[in-house]
Amino acid sequence: MNPDLTYLLKANVALALFYVFYRTFFDKDTFFYWRRLVLVCFLLVSALYPILNMQEWIKGHEPMVVMADIYATIMMPEVTIGVQPQAAIDWPNLILSTLGYIYWGGFILLSIRFLVQLFSILQLVIHCRKVRIKGVRVYLLDNPSGPFSFFRWIFIHTNSHTDNELEEILIHEQAHSRQWHSVDVILSELVSIICWFNPFAWLMQREIRCNLEYLADNHVLESGHDSRSYQYHLLGLIHQTKAAATLYNSFNVLPLKKRIKMMNRRRTKAIGRTKYLLFIPLTILLMIISNIELVARTARHFTKEMMPAASLTQENPSFSAEVGKQKEVPLKRDVATAMQIINQKDSLKKDSEESPVFMVVEQMPEYPGGQKALMTFLSQNIKYPAIAKDRKIQGRVIAQFVVDKDGSVSEPHVIRSISPELDTEALRVIAMMPKWKPGRQKGQEVRVKYTLPINFNLNTEKADKLISYTPARVGTTNQNVYQVVEKMPEFPGGQEALMHYLARNIRYPIDAQKAKEEGRVIIQIIIDEKGNVTSPNVVRKISPSLDAEAIRVVSDMPKWEPGKQDGQAVRVKYTIPIAFKLSAPTSENKAVN
């Protein structure tokens with residue numbers, strides 16, 4: 001949703017809520033100064049609370065985080081993007097555009113009306129004769145009309161009133177002038193112009209103006225004037241026409257009946273002021289709800305930044321080096337990101353005599369000394385077969401083995417073959433490995449399947465060593481998995497549809513937002529012969545929550561169009577880099593995102 005539209009809707013909802021709150025608790029009491037304060041606060045809070053930032057506080061409290069997640073799930077349903085025929089009318093956009101034109105039309109007309117009213121008052125100031133009555137400077141109206149004031153200017157048609165009435169009018173209008181009541185009037189008028197479509201904005205404006213009259217009437221009575229005489233005076237002014245528009249504070253402003261009833265009402269007990277404190281928790285509640293919505297929407301908003309950064313590639317992210325030359329930088333950057341992110345509750349394979357074999361566990365198996373030691377072992381022990389050198393055979397052998405509970409390596413086998421010579425060499429070196437530190441699940445050692453992509457490259461004359469390793473999951477069968485085929489797998493609708501799928505379905509985890517975690521998660525999947533997405537695997541991780549979210553979304557993908565080799569559907573490995581990027585603050589969620 002457009003940020004400006006979101007802001008406008010929130011402000012108008014607050015106006016409606018505050019009006020109901022005011023009529024429920026404050027409509028009948030006589031604390032006019034308190035009422036004036038709370039009415040102005042209603043307008044200011046309605047305008048400011050949508051942009052006040054409490055997101056960090058919300059992210060720091062688990063119940064609030066849960067509420068934000070529930071809001072994102074229930075109140076922000078995912079929208080399916082479909083391709084419509086070119087001739088079809090885009091009704092939602094057409095309706096929004098029409099409503100936009102209507103809104104701006106009303107806004108412009110009311111703004112012109114406001115300026116005309118202001119100009120008419122200024123004209124009276126310029127043309128009316130100025131005199132002093134009982135020490136008060138006033139502007140004399142040429143035509144019979146009800147007295148009124150605007151800021152420090154007081155307008156009266158003196159021939160229409162007796163001396164006693166003039167004294168009451170001056171006291172009344174001076175109360176408006178000295179207490180700057182015109183500020184409240186202008187503020188409420190501007191709110192009504194901006195929110196002209198909201199009836200509660202106009203109702204709030206009426207309450208503000210009525211309360212200002214209560215204040216001025218109360219000031220007259222407190223000065224010692226007889227209430228009955230003053231009320232008769234007001235009744236006698238009902239028939240008089242208004243001299244200017246409605247920006248001024250009029251002496252005989254309607255509804256007169258409410259003013260007279262309020263003057264005759266018994267004063268509210270002082271203990272009644274405590275109910276005005278209810279305004280504080282209501283304001284805090286609005287701010288919390290608004291910021292929960294912003295926190296929930298961050299997961300949607302970040303995908304606009306993610307989509308241009310995310311790219312798709314068929315290249316396997318295993319990191320290789322030229323034969324006889326080890327690449328230390330990719331090793332430090334990517335090999336070190338061993339996958340340790342998701343619990344696998346159910347075993348993926350049941351050995352006839354052994355325990356279940358896990359693909360991913362809480363603590364993955366580790367080669368003695370870590371990945372760097374593993375790379376050193378492989379580089380020192382793998383020899384490029386002479387026959388493969390002579391025939392210039394090169395490529396990537398993908399081997400798989402099981403790390404048992406005691407750390408021993410068992411069941412080595414090749415799941416992607418290059419040549420018998422290279423396959424044999426890869427298996428020979430795997431069989432020579434020392435015991436690993438076993439994997440653990442729920443505090444217990446378990447059997448874990450490991451995958452080892454090994455690149456054989458003939459780019460130099462000294463080609464004689466292996467060179468790279470990336471922990472990966474590739475499926476549970478011995479069937480070959482292709483890296484590149486004649487026809488690569490394709491997401492339904494193509495890469496653009498895949499990008500839309502990711503944008504609609506990925507939610508930025510709350511804890512990752514709180515920790516300001518961002519970066520690129522590289523996911524590797526296998527598209528089987530039927531187009532199913534299998535063996536999702538993180539080959540480059542950022543954090544547990546971002547990795548898990550990437551795995552979740554990829555696992556939920558619909559069937560792909562499978563890859564084909566020699567006219568037959570085959571299993572193909574596919575790599576999807578997904579960029580998680582925390583978007584910069586916008587006008588709707590600045591600190592107030």
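Two strands pair if DSSP finds at least two bridges between them. Helices (H or I, at least four residues) and strands (E, at least two) are DSSP runs, numbered from the N terminus. This tour uses both terms throughout.

The model is predicted: local features need pLDDT of at least 70, side-chain atom pairs count only at pLDDT 80 or more, and totals for chains, interfaces and linings use all residues. Residues are numbered from 1 along each chain as its sequence is written, and side-chain values use heavy atoms, with hydrogens and water left out.

**Stop 1: the sheet**

Select β12 (residues 519–527), β13 (533–540) and β16 (residues 572–580). They form an open sheet of three strands in the order β13-β12-β16, with antiparallel pairing. The edge strands are β13 and β16, each of which pairs on one side only. On average, neighbouring strands of this sheet are turned by 25° against each other, direction ignored; axes are lines fitted to C-alpha atoms, for helices over the stretch in contact, and angles run from 0 to 180 degrees between N-to-C directions.

Now display the bridges. Five bridges join β12 and β13, and the partner of Ile 526 in β13 is Thr 534. Nine bridges join β12 and β16; here the partner of Arg 520 in β16 is Ala 579.

Is β16 mostly covered or uncovered? It is mostly covered, since nine of its nine residues are buried (under 20% relative accessible area; exposed means over 50%, partly exposed in between, with a 1.4 Å probe and protein chains only). One side of β16 carries Val 572, Tyr 574, Ile 576, Ile 578 and Phe 580, and the other carries Lys 573, Thr 575, Pro 577 and Ala 579.

**Stop 2: Asp 184**

Next, select Asp 184, which is found in helix α7. Asp 184 is buried, with a relative accessible area of 5%. Leaving aside neighbours within four places in sequence, Asp 184 is in contact (heavy atoms within 4.5 Å) with Arg 36, Val 40, Ile 208 and Leu 212. Arg 36 lies 148 residues away along the chain, yet its C-alpha atom is separated from that of Asp 184 by 8.5 Å.

**Stop 3: helix α8 and its partners**

Select helix α8 (residues 199–222) together with helix α10 (residues 256–264). The two pack at an angle of about 45°, with their axes 10 Å apart. That angle makes α8 oblique to α10, because angles under 35 degrees count as roughly parallel, over 145 as roughly antiparallel, 65 to 115 as roughly perpendicular and the rest as oblique. Residues making the contact include Tyr 214 and Leu 221 of α8 and Met 262 and Met 263 of α10.

**Stop 4: confidence**

Finally, colour the chain by pLDDT, the predictor's confidence in each residue, from 0 to 100. The chain has a mean of 75, and 73% of its residues reach 70 or more. Which helix has the highest confidence, and which the lowest? Helix α7 (residues 181–194) is highest, at 92, and helix α12 (residues 328–335) is lowest, at a mean of 32. pLDDT also stays under 50 over residues 241–245 and over residues 584–593. Where pLDDT is low, the predicted coordinates should not be read in detail.
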